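Me: I would like to learn how to read a structure of this kind, one feature at a time. Could you take me through it with the general idea before each case?

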Amino acid sequence: MQFHHHGYVSGDPKVQPAAGVGIDRPEELPDEIDVLIVGSGPAGMLTAAQLAQFPDINTRLVERRGGRLELGQADGIQARSVETFQAFGFAEEITAEAYWLTEMNFWRPDTENPKHIVRGGRALDDEHGVSEFRHLIVNQARVLDYFAEFAHNSPARLKPDFGWAFSTLEVTDEGDYPVKVTLVRSAGPDEGQERVVHAKYVVGCDGARSKVRASIGCTLAGDAANHAWGVMDVLANTDFPDIRTKCAIQSHDGGSILLIPREGGYLFRMYVDLGVVPENDKGAVRKTSIEQIIAKANEILTPYTLDVKNVAWHSVYEVGHRLTDRFDDVRLEDLGTRTPRVFITGDACHTHSAKAGQGMNVSMQDGFNLAWKLGHVLEGRAPESLLSTYSAERQVVAKNLIDFDKEWSTLMAKKPEEFSSPSELEDFYVRTAEFPAGFMTEYAPSILTGENAHQDLATGFPLGKRFKSAKVSRVCDTNPLHLGHLATADGRWRIYVFADQAQAGAASPVADFAEWLKNAPDSPLAATPEGADLDAWFDVKVIYQQKHENVDINAVPDVFKPQVGPFQLTNLEKVFGVAKDEDIFEARGLDRGGVVVVVRPDQYVANILPLTATAELGEFFAPLLRARQLKKA
């Protein structure tokens with residue numbers, strides 16, 4: 001964390017100075033809003049937190065509840081989400097309070113006594129080391145709290161406007177704020193009062209029954225629900241030995257349980273199989289009582305018993321898989337004729353079972369994908385066409401998720417005799433571990449993702465996939481660090497320059513690249529607004545192949561040591577050597593002749609180029625930088 005460059009900071013450095021709309025933020029909703037977010041779930045809160053880093057953008061988040069969420073239904077936090085939390089500054093804090101999922105056990109009927117279950121196998125949660133972060137279990141409410149804290153500590157001082165329910169919207173295409181939104185007061189002494197606001201953009205994060213989705217003519221389509229599960233968060237005494245370990249439990253004829261230990265050491269969640277839902281059920285299964293769910297759990301756990309002392313929460317749900325045909329208000333026949341004004345995220349556009357632990361995690365990535373794009377467009381960095389990439393990118397991800405969840409849900413609902421082998425469920429879990437961990441997202445070539453002509457220069461950074469961190473050693477203070485952990489959610493592009501084998505200061509491809517990057521008119525840095533710091537829009541870091549003690553920091557090109565803040569202090573923290581215990585060039589398959597890796601603000605690899613491909617790098621950014629286009633005009 002860097003601070004003091006604007007003057008001495010005596011308080012909490014996580015509280016950034018208020019700026020723009022955050023200096024005198026009105027308590028009441030204004031009549032005109034740049035971005036109106038509807039719903040304070042995971043997607044909504046992440047979107048708000050990211051946009052709070054853009055102080056000149058007036059963002060408001062409305063929530064129909066009268067206050068913060070106290071008990072959330074989601075709890076599984078995949079490693080990809082923890083990587084995201086790192087960018088928002090709270091990965092360490094939330095990891096400390098969460099349950100750490102390191103192993104999953106598989107129980108099945110005893111071959112000698114099928115009425116009893118026995119442990120049949122164990123599987124490590126991340127056997128192949130796809131991330132340095134853990135898989136966590138923590139209540140959704142705490143995730144929202146951390147995002148809320150980040151948003152309020154950001155320059156825009158954003159906080160939710162509780163007690164406002166979305167009613168309708170109309171896109172008028174008139175004026176600077178073309179989306180007319182009607183809200184209804186849902187809490188407080190003026191409950192029921194209507195209010196009309198006008199927005200430039202609206203983001204619907206309002207769940208599976210989304211009114212925002214309905215207002216733009218989208219519907220969820222897909223498989224009807226045909227299997228029911230009772231889910232309960234409970235405090236209980238039991239002789240089941242793996243009660244504090246994630247388990248998939250299959251009984252002979254009583255169904256199955258997915259057991260999820262919760263944070264705090266005592267609470268745990270059970271998804272209890274209630275069987276196939278008859279066609280004429282008419283919702284009767286949803287009336288299953290908590291006593292019936294507990295009895296069913298005891299039947300499945302035989303010979304073990306479960307003595308429930310307290311029920312924190314319970315529900316009954318039917319597994320259904322549904323997806324919208326688009327994630328914004330541009331109808332398919334209008335593609336290319338206009339840019340979107342209204343977007344939907346999370347459960348508003350894709351629904352699936354909870355057992356794969358993907359709902360909250362994928363929803364947050366929806367918000368991360370969209371928020372920085374809105375920020376860039378509204379600040380004038382990028383053209384409006386950038387916003388059309390949100391639906392194009394995230395719909396494919398949602399479709400892949402639903403396909404995976406169908407397979408996992410089907411396996412969980414199978415009877416033991418229906419498996420091809422006793423370890424089929426365990427084998428599937430191990431084989432597909434990278435998907436539920438959140439690392440199978442791979443964006444196709446587009447305006448935001450380059451072609452793979454140079455993928456061989458950085459085989460460990462697949463184009464379109466998230467930037468997988470590795471260790472480096474910072475030259476100025478000799479600290480060993482994870483390179484990816486230094487990328488904060490500040491809306492900046494990352495340009496990682498992996499140097500050739502020459503020493504710093506010597507004539508070399510990296511020296512030539514540095515000269516072009518700082519001074520060439522077609523360099524992306526040329527779009528940086530006049531008067532702003534050189535690294536205001538692009539975070540450029542250089543990684544040398546030598547260890548830190550062999551890098552002369554005074555010989556490093558100035559573009560890697562930008563002067564920042566009102567005092568124009570030299571930032572020395574962008575220069576690295578290889579770590580003592582891990583060579584990032586070897587670990588990530590980086591060409592020793594040098595390579596440039598471009599990473600989007602949401603942490604996905606956007607381009608890979610040799611150091612000599614300056615023209616290609618300039619051409620890649622040209623359509624993404626409206627500011628530079630205006631300068632040329």
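Reply: What follows goes from the whole chain to single residues, and the model shown is a predicted one.

Me: What share of the residues is buried, and how much of the surface belongs to carbon and sulfur atoms?

Reply: A residue is called buried when its relative accessible area is under 20%. By that cut-off, 56% of the 633 residues of the chain count as buried, while the accessible surface comes to about 25,900 Å², with 49% of that area belonging to carbon and sulfur atoms.

Me: Is helix 1 mostly covered or mostly open, and what covers its buried residues?

Reply: Helix 1, residues 42-51, is mostly covered, with 10 of its 10 residues buried; among them are Pro42, Ala43, Met45 and Leu46. The cover over these buried residues includes strand 1, strand 2 (59-63), helix 2 (79-87), helix 4 (140-153) and helix 7 (359-379).

Me: Which residue of helix 7 can show me that cover in detail?

Reply: Met364 lies in helix 7 and counts as buried, because its relative accessibility is 1%, under the 20% cut-off. Leaving aside residues up to four places away in sequence, Met364 touches Pro42, Ala43, Leu46, Ser81, Phe85, Val143 and Phe147. Met364 and Met45 are 319 residues apart in sequence, yet their C-alpha atoms are 8.4 Å apart in space.

Me: For contrast, is Tyr8 buried or exposed?

Reply: Tyr8 is found in the segment before strand 1 (32-38), and Tyr8 is exposed, with a relative accessible area of 70%, where the cut-off for exposed is over 50%. From Tyr8 to Phe150 there are 142 residues in sequence, and the C-alpha to C-alpha distance is 21 Å.

Me: What about residues that fall between the two cut-offs?

Reply: Such residues are called partly exposed, and Gly265 is one of them, at 42% relative accessibility. Gly265 lies in the loop between strand 15 (256-261) and strand 16 (268-276), and its C-alpha atom is 9.5 Å from that of Ala98, although the two are 167 residues apart in sequence. Ala587, in helix 11 (residues 584-587), is also partly exposed, at 35%, and its C-alpha atom is separated by 10.0 Å from that of Ser469, 118 residues away along the chain.

Me: How should I read backbone angles?

Reply: Most residues other than glycine have a negative phi, and most peptide bonds are trans. In this chain, Arg157 has a positive phi near 50 degrees; it is found in the loop between helix 4 and strand 8 (161-162) and is buried, at 18%. Gln603 has a positive phi of about 80 degrees, although it is not a glycine; it sits in the loop between strand 28 (595-599) and strand 29 (605-609) and counts as buried at 12% relative accessibility.

Me: Which residues are joined by a cis peptide bond?

Reply: Thr302 and Pro303 are joined by a cis peptide bond, with omega about 20 degrees, and Pro303 lies in the loop between helix 6 (290-301) and strand 17 (306-318).

Me: Finally, which residues does UniProt list for a domain?

Reply: An unreviewed UniProt entry lists residues 441-626 as "domain: Phenol hydroxylase-like C-terminal dimerisation". Over residues 441-626 the chain is 13% helix and 22% strand, and the end C-alpha atoms are 28 Å apart.

Conventions
Residues numbered from 1 in each chain as written. Predicted model: local features only at pLDDT ≥ 70, side-chain atom pairs only at ≥ 80, totals over all residues. Heavy atoms only, no water. Buried < 20%, exposed > 50% of the residue type's maximum accessible area, 1.4 Å probe, protein only. Areas by Shrake-Rupley, 256 points an atom, 1.4 Å probe, with all protein chains shown as cover. UniProt positions renumbered as here; feature names shortened; annotations may be inferred. Helix = DSSP H or I, 4+ residues; strand = E, 2+ residues; numbered from the N terminus. Contact = heavy atoms within 4.5 Å.
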